[in-house]
Amino acid sequence: MSQSPAQISRLPLALTYPLRFVPLAPLSASLTLFARKTARNHPALFRRLGVHGQKRYVLDPTDLPFVILLDPNGGTPKVTVIRGSGTGAARIAGPLAALIGLVHGVYDGDALFFSRDLVIEGETAATLALRNAVDDAELDLSQELLNLSGPLARPLHNMMAFWERHTGVHLTRPDEVETW
């Protein structure tokens with residue numbers, strides 16, 4: 001079910017503008033907790049990074065007013081959300097839909113790169129290690145979040161389905177993904 005990069009959605013400004021005023025420390029703490037739970041469920045994800053597991057990755061969703069710094073820390077990840085550009089061994093920039101779609105296997109990383117929907121800067125080897133680790137883990141970020149949500153899982157699932165339909169951001173891994 002891989003899609004052409006030409007179909008990648010960009011979040012509308014009406015949705016992203018209020019994020020300029022969101023305090024980032026709670027968001028960073030929440031994403032760090034989420035990343036650590038995901039690391040516990042998928043320990044091979046961070047082991048697969050090898051020598052790149054101690055490097056910082058800058059994930060830059062270009063339609064959001066912040067960047068995400070991912071420090072894998074050898075399997076105890078830390079996520080920091082900042083306004084500005086951030087520094088790291090590698091920067092991966094593109095619309096949020098492309099970044100999440102890449103994690104869920106909806107889009108092919110090479111096609112995104114060659115279509116310029118995804119921009120890679122810095123250490124190519126670190127970027128490829130992260131991409132290969134994420135590909136092998138076959139993550140479904142929505143399922144990981146639902147597993148943490150207890151009795152709120154059902155309403156959260158409905159909210160995510162609504163968000164996915166209206167934004168075009170693939171929040172879940174499709175049942176079957178074609179390989180390129």
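Reader: Why does Tyr-17 count as partly exposed?

Author: The model is predicted. In it, Tyr-17 has a relative accessibility of 43%. Buried means under 20% and exposed means over 50%, with partly exposed in between; Tyr-17 therefore counts as partly exposed.

Reader: Where does Tyr-17 lie, and what makes the nonpolar surface patch?

Author: Tyr-17 is placed in the loop between helix H1 (13-16) and helix H2 (24-41). The patch is made by Leu-13, Tyr-17 and Phe-21, and its area is about 370 Å². A patch residue needs over 30% relative accessible area, and Tyr-17 has 43%.

Reader: How do you know which strands are the edge strands of the sheet?

Author: The sheet is open, with 5 strands in the order E3-E2-E1-E4-E5 and mixed pairing. Strand E3 (78-82) and strand E5 (119-122) each pair on one side only, and these are the edge strands. On average, neighbouring strands of this sheet are turned by 20° against each other, direction ignored.

Reader: What makes E1 and E4 a pair?

Author: Two strands pair if at least two bridges are found between them. Strand E1 (residues 57-61) and strand E4 (residues 90-94) are joined by 5 bridges and run parallel, so they count as a pair. Leu-59 has Ile-92 as its bridge partner in E4.

Reader: In which sense do E4 and E5 pair?

Author: They pair in the antiparallel sense, over 4 bridges. Here Ile-92 stands opposite Ile-120 in E5.

Reader: Why is E4 called mostly covered?

Author: Buried means under 20% relative accessible area, and 5 of the 5 residues of E4 are buried. Both faces are covered: Ala-90, Ile-92 and Gly-94 are buried on one side, Arg-91 and Ala-93 on the other. Helix H6 (residues 124-137) lies across E1, E4 and E5, at about 70° to E1.

Reader: How many residues of E2 are buried, and which way do they point?

Author: In strand E2 (residues 67-71), 5 of 5 residues are buried. Val-67, Leu-69 and Asp-71 point one way, while Ile-68 and Leu-70 point the other way.

Reader: What joins E2 to E1 and to E3?

Author: A hairpin through 5 residues joins E1 to E2, and 3 bridges hold these antiparallel strands as partners. The bridge partner of Leu-59 in E2 is Ile-68. E2 and E3 form a hairpin with 6 residues between them, and Asn-73 in the turn has a positive phi of about 50°. These two strands run antiparallel with 5 bridges, and Asp-71 has Lys-78 as its bridge partner in E3.

Methods:
Residues are numbered from 1 along each chain as its sequence is written. This is a predicted model: local features need pLDDT of at least 70, side-chain atom pairs count only at pLDDT 80 or more; totals for chains, interfaces and linings use all residues. Side-chain values use heavy atoms; hydrogens and water are left out. Axes are lines fitted to C-alpha atoms, for helices over the stretch in contact, and angles run from 0 to 180 degrees between N-to-C directions. Contact means heavy atoms within 4.5 Å. Patches are made of residues with over 30% relative accessible area and no salt bridge: like charges are joined within 9 Å, nonpolar side chains (Val, Leu, Ile, Met, Phe, Trp, Tyr) within 5 Å. Accessible areas come from the Shrake-Rupley method with a 1.4 Å probe; for residues, only the protein chains shown count as cover. A salt bridge is a side-chain nitrogen of Lys or Arg within 4 Å of a carboxyl oxygen of Asp or Glu. Buried means under 20% relative accessible area, exposed over 50%, partly exposed in between (1.4 Å probe, protein chains only).
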